[in-house]
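Hi everyone, thanks for coming. Let me put the sequence and the structure up on the screen, and then I'll walk you through them.

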Amino acid sequence: MKALNLVTLVLVIAGGLNWGLVGAFQFDLVAALFGGQSAPLARIVYVLVGLSALWQIGSLVRRPG
């Protein structure tokens, strides 16, 4: 479980940095690396980042305290 939390956290951070690049410079790094926004591999990355965000939200809600 700890490894999954770490992987999802890294993906959420990467997604956040990508959105920062999109907002500041209109540059989508994921699309640039994987062949455009509609490329299958880029879409997989987008979905994994989204699922990672949901996982992190769930982890945050489940934490005691």
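Let me start with a question: what covers the buried residues of α3? The cover includes α1 and α2. By buried I mean under 20% relative accessible area, with exposed being over 50% and partly exposed in between, using a 1.4 Å probe and protein chains only. Helices here are DSSP runs of H or I with at least four residues, strands are runs of E with at least two, and both are numbered from the N terminus.

A quick word on what you are looking at. This is a predicted model, so local features need pLDDT of at least 70 and side-chain atom pairs count only at pLDDT 80 or more, while totals for chains, interfaces and linings use all residues. Residues are numbered from 1 along each chain as its sequence is written, and side-chain values use heavy atoms, with hydrogens and water left out.

Now the overall picture. The chain has three helices and zero strands, in the order α-α-α along the sequence. Its C-alpha trace spans about 40 × 25 × 15 Å along the principal axes. Of the 65 residues, 22% are buried. Taking a contact as heavy atoms within 4.5 Å, residues 24 or more positions apart account for 46% of the contacts with a separation of 6 or more.

Let's go helix by helix. α1 has 24 residues and reaches 34 Å from its first C-alpha to its last, close to the 34 Å expected at 1.5 Å a residue; the expected span is 1.5 Å times one less than the number of residues. Thr8, Gly15 and Asn18 are buried in α1, and the buried residues of this helix pack against α2 and α3.

Just after α1 comes Gln26, with a positive phi of about 55°, although Gln26 is not a glycine. Gln26 sits in the loop between α1 and α2. Is Gln26 buried or exposed? Gln26 is exposed, with a relative accessible area of 76%.

On to α3, whose 23 residues should span 33 Å at 1.5 Å a residue; the end C-alpha atoms are 33 Å apart, which agrees. The buried residues of α3 are Ala42, Val45, Val49, Ser52, Gln56, Gly58 and Ser59. Please look at Val49 for a moment. Leaving aside residues up to four places away in sequence, Val49 touches Leu11, Val12 and Gly15. Val49 and Gly20, by contrast, are 14 Å apart, C-alpha to C-alpha, and 29 residues apart in sequence.

Last stop, the largest pocket. On a 1 Å grid over the protein atoms alone, a pocket is an open set of points where a 1.4 Å probe fits, with protein on both sides within 12 Å along at least five of seven lines, and lining residues have an atom within 4 Å of a point. The largest pocket holds about 180 Å³ of space. Its lining consists of Gly15, Asn18, Trp19, Val22, Asp28, Val30, Gln37, Tyr46, Val49 and Gly50. The elements giving two or more residues to that lining are α1 (2-25) and α3 (40-62), and α1 contributes the largest share, four residues.

Thanks, and I'm happy to turn the model around for anyone who wants another look.

Technical notes
Points joined across faces, edges and corners; volume = space filled by probe spheres on them.
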